[in-house]
Amino acid sequence: MSDQDKAPRPMKVLVTGGSGLVGRALQQVVGEEGGAKDAEWVFLSSKDADLMNPEETLSAFLEHEPTHVVHLAAMIGGLFHNMRHNLDFWRHNVIINDNVLQAAVKVGVVKIHNGPPHETNFGYAYAKRMIDVQNRAYSQQFGGRFTAVIPTNVFGPHDNFNISRGHVLPGLVHKAYCAQKEGTPLVVWGSGRPRRQFIYSLDLARLILWVLTDYDEIDPIILSVGEEDEISIKEAAEAVVEAMDFKGGISFDTSKSDGQFMKTASNAKLRRYRPDVAFTPFKQAVKETCDWFAANYDSARK
Ligand code: GDP
């Protein structure tokens, strides 16, 4: 956008996917940190506009006229949901991203920042990678400063705790909760040996705020804990067991897929920008997530 010629508008941030896992964490962090440098924030949820629809997307952007966008909305799911619906994941995410970027250009957004959680199977993964192509094209053609963040496995309060469609951490929390009630073991799917880097949604939200205000590259940035903090699914299950004081034991259902064994991501670029970056200890974050789920069982997405 060539907003250079016009008087700068006050910062107004539109967050798509504002009621999801990362959106809710961002709401909390923005509240805590005093509205992120006086910006006005609008959190959009799927009830406000269907981002699969170009007209609805544009009218939401025209209504709010944001200067900055944090684009979190996406079709998201865990390994098992992805395996069944690669085509849907590809189409929904490509269409949503195209609609959001087009609408952003039309209302003169100066900075957009795509941050959907998790990389999974090819439908989802290719749609997500297209964002980088789109961002570079928008930068060339309109001068937009649109960038993408790539988080590793995100978890926290307000996640989707659905066992068949969701990701591993909320799935384990929900399964342990049920197993505790029923007096059965916690069944971990697969061998428990695959390894993942987990990031707490509130830590991610703080980093997203930093990207929005201080990161000026078009090239994406990985937002993740370090490679040394990668843990096995078994260790993740043990953290859930400890946090819930679950006594029923763990078993492994090796008839279920392990998915990708490792997807180790380097956070060297993040550390270069932010040598001070600190993350909530994993066990503490798991405990807070388990406590949130137990306290909000009736209303949690599951
Ligand atoms: P991914 O990191 O994109 O593969 O997605 P997930 O968050 O769904 O993690 C999948 C990994 O966790 C695989 O190794 C699964 O075998 C393992 N896993 C163990 N139990 C569960 C569970 O209850 N739900 C899910 N989604 N994965 C599980």
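Which strand does Ile231 lie in? Ile231 belongs to β11, a strand made of residues 231-232. The legends below visit that spot and several others.

**About the model.** This is a predicted model, in which local features need pLDDT of at least 70, side-chain atom pairs count only at pLDDT 80 or more, and totals for chains, interfaces and linings use all residues. Residues are numbered from 1 along each chain as its sequence is written, and side-chain values use heavy atoms, with hydrogens and water left out.

View 1. Strands (E, at least two residues) and helices (H or I, at least four residues) are DSSP runs numbered from the N terminus. Ile231 has a relative accessibility of 16%, so it counts as buried. Here buried means under 20% relative accessible area, exposed means over 50%, and partly exposed is in between, with a 1.4 Å probe and protein chains only.

**View 2. The largest pocket and its lining.** Its volume is about 960 Å³. A pocket is an open set of points on a 1 Å grid over the protein atoms alone, with protein on both sides within 12 Å along at least five of seven lines, and lining residues have an atom within 4 Å of a point. The points are joined across faces, edges and corners, and the volume is the space filled by probe spheres set on them. Of the 38 lining residues, Gly17, Ser19, Gly20, Ala74 and Arg301 lie nearest the centre. The lining divides into 15 nonpolar, 17 polar and 6 charged residues; Ala, Val, Leu, Ile, Met, Phe, Trp, Tyr, Cys and Pro count as nonpolar, Asp, Glu, Lys and Arg as charged, and the others, Gly among them, as polar.

**View 3. Helix α1, a contributor to the pocket lining.** Both α1 (21-32) and α5 (86-106) supply at least two residues of the lining, and α1 gives the most, with 4 residues. The end C-alpha atoms of α1 are 17 Å apart, which agrees with the 16 Å that its 12 residues should span at 1.5 Å a residue; the expected span is 1.5 Å times one less than the number of residues. Leu21, Val22, Gly23, Ala25, Leu26, Val29 and Val30 are buried in α1.

**View 4. Helix α11 and its buried face.** This helix covers residues 282-295, and its 14 residues reach 20 Å from first C-alpha to last, close to the 20 Å expected. Ala285, Val286, Thr289, Cys290, Trp292 and Phe293 are buried. Seen down the axis of α11, these buried residues line one face because they fall within an arc of 160 degrees, the arc being that of the directions from the helix axis to the C-beta atoms. On the other side of α11, Lys283 and Ala295 are exposed.

**View 5. Two cysteines, Cys178 and Cys290, without a disulfide.** A disulfide is a pair of cysteine sulfur atoms within 2.5 Å, and the count here comes to 0. For Cys178, the nearest cysteine sulfur is that of Cys290, 13 Å away. Cys178 is partly exposed, at 21% relative accessible area, while Cys290 is buried, at 5%.

**View 6. Positive phi at Glu65.** The phi of Glu65, a residue other than glycine, is near 45 degrees. Glu65 sits in the loop between α3 (54-64) and β3 (68-71), and is partly exposed, at 45% relative accessible area.

How values were computed: On a 1 Å grid over the protein atoms alone, a cavity is a set of points where a 1.4 Å probe fits but cannot get out, and a pocket is an open set with protein on both sides within 12 Å along at least five of seven lines; lining residues have an atom within 4 Å of a point.
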